[in-house]
Amino acid sequence: MSVRVGILGATGAVGQRFIQLLDDHPTFELAAVTASAESAGKSYREAAKWRVDTPIPDDVAEMEVAETTPAGVAGDDIDLLFSSLPSGVAAEVEPAFLEEGYVVSSNSSNDRMAADVPLTIPEINPDHLGLIEVQRDERGWDGALVKNPNCSTITMVPTLAAVDEFGLESVRVSTLQAVSGAGYSGVTSMEIIDNAIPHIGGEEDKMETESRKLLGEFDGAEVALHDADVAASCNRIPTLDGHLENVFAEFADDPSPADLREAMRSFEGVGDLPSSPDQLIKVFGDDDPERPQPRLDRTYADGMGIVAGGVQTTDAGAKYNCLAHNTIRGAAGASLLNGELLVEEGYV
């Protein structure tokens, strides 16, 4: 089965990752790329300042960039759209596509916490796609909007889902986030070299709210947020890719480090989705206390896996570190995986 897909905002950092990940995908065929009106009509090679570490696929390089409107892709027979638009733009543009009946898997942050929009990690909460029916009823469109979480949230939540069996009650997390998470022009070299920035606007709130929605229960009509209390401190550091996070968790039960490591290691991926790793979470033991590290571990499972280590118990609960590639698993790869889930569940 071949599914024709398009990318909204294809020339940006996340859009370029989409193109890289879609190359030779077993299900998806890239049929349209869109960008701003200034880029429309140019070849993709002309419009994009390519920065990914693999070449532009030859067939994509010569594709004509369309304007980011339903009319721009109307003749391309698109089955599914991936959105990597800035959130302010996406909030205006995505509804126009949805009203025209398009299914959109979006990395943009707008509407992630909307009550009728699935915020989904396929290995964690695939049942939340049931919100699509609620969304269609409430908004009166035939399309469907699915969101993936923030790149820092998606690094932590799989580990929390794995250990939730011990009665997760509270979470404290401090992040060490790569500069690529801010986009190519988001942090200047003069700001970040020989430095760390102890604030990332809006990031803490995203982690604190999105994680509870992802771990929440869907009853067929709405999602009840998880009861855990979550607090985050988000920091930018001078690594290129890979968000490293220090997590402190408290539980109703009293799991040992071995219990926590085994729960993470045995947490299953989604085997019938091409982009989901067979082992979602790789866990380092006591013999590797200095892992994970961004440079060494961000490409685990082709950048689609989570890596954890440093698991220890504390007087209040437990602490550990976790890491994921922020522009692959944390952005384009997460939307791609949601697209695969949409196909698997028959929404595409």
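How many bridges join strand 11 to strand 14, and which way do the two strands run? In this predicted model, where local features need pLDDT of at least 70, side-chain atom pairs count only at pLDDT 80 or more, and totals for chains, interfaces and linings use all residues, strand 11 (residues 243–251) and strand 14 (residues 318–324) are joined by 7 bridges and run antiparallel. Residues are numbered from 1 along each chain as its sequence is written, and side-chain values use heavy atoms, with hydrogens and water left out. Helices (H or I, at least four residues) and strands (E, at least two) are DSSP runs, numbered from the N terminus.

Ala249 stands opposite Ala318 in strand 14.

Contact means heavy atoms within 4.5 Å.

Turning to the annotated part of the chain, UniProt (unreviewed entry) gives "domain: Semialdehyde dehydrogenase NAD-binding" for residues 4–132. UniProt positions follow the numbering used here, feature names are shortened, and annotations may be inferred rather than shown by experiment. The span is 29% helix and 18% strand, and its end C-alpha atoms lie 21 Å apart.

Helix 6 (residues 131–139) has Leu131, Ile132, Val134 and Gln135 buried, where buried means under 20% relative accessible area, exposed over 50%, and partly exposed in between (1.4 Å probe, protein chains only). Down the helix axis these buried residues fall within an arc of 160°, so they line one face of helix 6; the arc is that of the directions from the helix axis to the C-beta atoms. The elements covering the buried residues of helix 6 include strand 6 (144–147), strand 8 (217–218), strand 9 (223–224) and helix 12 (328–344). Gly140, with a positive phi near 70°, follows helix 6.

Asp116 sits in the loop between strand 5 (103–106) and helix 6. With a relative accessible area of 5%, Asp116 is buried. Beyond its neighbours within four places in sequence, Asp116 is in contact with Leu131, Val134, Gln135, Glu138 and Arg139.

The structure holds 5 aromatic pairs, with rings of Phe, Tyr and Trp (its six-membered ring) pairing if their centres lie within 6.5 Å; planes under 30 degrees apart count as stacked, over 60 as edge-to-face and the rest as tilted. The ring centres of Phe28 and Phe82 are 5.6 Å apart and the planes stand at 70°, so this pair is edge-to-face. Phe28 in strand 2 (residues 28–35) and Phe82 in strand 4 (residues 80–83) are 54 residues apart, and their pair links distant parts of the chain. Both are buried: Phe28 at 4% relative accessibility and Phe82 at 0%. Another edge-to-face pair is formed by Phe166 and Phe251, with centres 6.3 Å apart and planes at 85°. Because Phe166 lies in the loop between helix 7 and strand 7 and Phe251 in strand 11, the pair ties together parts that are 85 residues apart in sequence. Phe166 is buried at 12% relative accessibility, and Phe251 is buried at 9%. Phe18, Phe28 and Phe82 form one aromatic cluster.

Some backbone details also deserve a look. Most residues other than glycine have a negative phi, and most peptide bonds are trans. Arg291 and Pro292 are joined by a cis peptide bond, with omega about 10°; Pro292 is found in the loop between strand 12 and helix 11 (294–297). Asp111 has a positive phi near 70° and lies in the loop between strand 5 and helix 6, where it is partly exposed at 31% relative accessibility. Asp194, with a positive phi near 60°, lies in the loop between helix 8 (189–192) and helix 9 (203–214) and is exposed at 77% relative accessibility.

Note on methods:
Two strands pair if DSSP finds at least two bridges between them.
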